[in-house]
Amino acid sequence: YDYLTAGFIGLMLVMFFYNLFLFLSTKDNIYLRYIFYLATTTYLCTFINNYPLLDSKPWFDYYLVWNSFSMFSIVLFAVGYLKLPYHYPKWNRAIWIYFIALAGGISFCSILEIAPMSKLSTIYNLCLIVFMTSLIGTGIVMWAKGHKHARLYVIGWTSALIGLFITMMTVNGILPHNLFTRNATYFGFGIE
């Protein structure tokens, strides 16, 4: 497990510096968005796999609050990479509204402790599945309509989502707990 975590962090650092180089060379802010996504994803994946990079009580108590930053980085990158404001402004608005409602609502409930963390996590995970599926669905529709840049997004996100779904199913007892299923987020996001 230690070697897999170290390998994943190493891969993310290589991608981080490579995209930083691309950003400095091209001045295209999509690489800056991707760097933000890589940073939040690295922290999130290690946290999910019981290797939190910051090991303190508030990070565990307010997981659903700070996880909104990871979701924000995902939306920011997806919207920018797929050029949604330009190609599909209504989809762009719908994605941002869903994100704000999900992240804001769950964060609000978590901070005020309206419901137990276990119930909030279940609701959050179900809403997250819908949200992530809608993002990949947007990419598939765009690819089908001839937007060739959406192809790489769909291919990358498919592996990331498969890894995330396998992890969710393992945590909830649907899949057996083994080396692969426990670390499926590492494999999924690493392939992405």
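What follows is a chat about how the labels on this predicted model were reached.

Colleague: What makes the radius of gyration agree with a compact globule?

Modeller: Set the two values side by side. A compact globule of 192 residues would have a radius of gyration near 16 Å, and the chain has 17 Å, which agrees. Along the principal axes, the C-alpha atoms fill a box of roughly 40 × 35 × 30 Å.

Colleague: Which share of the contacts links residues 24 or more positions apart?

Modeller: Of the contacts with a separation of 6 or more, 65% are between residues 24 or more positions apart. Buried residues make up 41% of the 192 in the chain.

Colleague: How far apart are the mean positions of the positive and negative charges?

Modeller: They are 19 Å apart, with 11 positive and 6 negative charges in the chain.

Colleague: On to the helices. How do you know that the span of α6 agrees with what it should be?

Modeller: At 1.5 Å a residue, the 23 residues of α6 should span 33 Å, and the end C-alpha atoms are 32 Å apart, which agrees. Helix α1, residues 2-26, passes the check too: its 25 residues reach 36 Å, close to the 36 Å expected. Helix α8, residues 149-171, has 23 residues and reaches 34 Å, close to the expected 33 Å.

Colleague: Which residues of α1 are buried?

Modeller: Thr5, Phe8, Met12, Asn19, Leu22 and Phe23. They are called buried because each has under 20% relative accessible area. What covers them includes α2 (29-48) and α10 (184-191).

Colleague: And which residues of α6 are buried?

Modeller: Asn92, Ile95, Phe99, Leu102, Ala103, Ile106, Ser107 and Ser110.

Colleague: Then why is Ile100 called exposed?

Modeller: Ile100 is found in α6, residues 89-111. Its relative accessibility is 55%, and exposed means over 50%, so Ile100 counts as exposed. The C-alpha atoms of Ile100 and Met71 are separated by 9.9 Å, although the two residues are 29 apart along the chain.

Colleague: Why is Phe72 called partly exposed?

Modeller: Phe72 has 29% relative accessibility, which falls between the 20% and 50% cut-offs, so it counts as partly exposed. Phe72 is found in helix α4. Leaving aside neighbours within four places in sequence, Phe72 is in contact with Phe36, Trp96 and Phe99. Its C-alpha is 16 Å from that of Trp157, 85 residues away in sequence.

Colleague: What about Gly80, buried or partly exposed?

Modeller: Partly exposed. At 22% relative accessibility, Gly80 is not under the 20% limit for buried, so that label doesn't apply. Gly80 has its place in helix α4. Not counting residues up to four places away in sequence, Gly80 touches Ile30 and Arg33. Gly80 and Arg33 are 47 residues apart along the chain, and their C-alpha atoms are separated by 8.0 Å.

Colleague: Where is Lys83 found, and why is it called partly exposed?

Modeller: Lys83 is in the loop between α4 (63-82) and α5 (84-87). Its relative accessibility of 42% sits between 20% and 50%, so Lys83 counts as partly exposed. Phi of Lys83 is near 55°, a positive value in a residue other than glycine.

Colleague: Which residues take a positive phi after α6 and α8?

Modeller: Just after α6, Glu113 has a positive phi of about 50°. After α8 comes Gly173, with a positive phi near 80°.

Definitions and conventions: Residues numbered from 1 in each chain as written. Predicted model: local features only at pLDDT ≥ 70, side-chain atom pairs only at ≥ 80, totals over all residues. Heavy atoms only, no water. Rg over C-alpha atoms; globule rule 2.2 N^0.38 Å. Buried < 20%, exposed > 50% of the residue type's maximum accessible area, 1.4 Å probe, protein only. Contact = heavy atoms within 4.5 Å. Lys, Arg positive; Asp, Glu negative; His and termini not counted. Charge placed at Lys NZ, Arg CZ, Asp CG, Glu CD. Helix = DSSP H or I, 4+ residues; strand = E, 2+ residues; numbered from the N terminus. Expected span 1.5 Å × (residues − 1).
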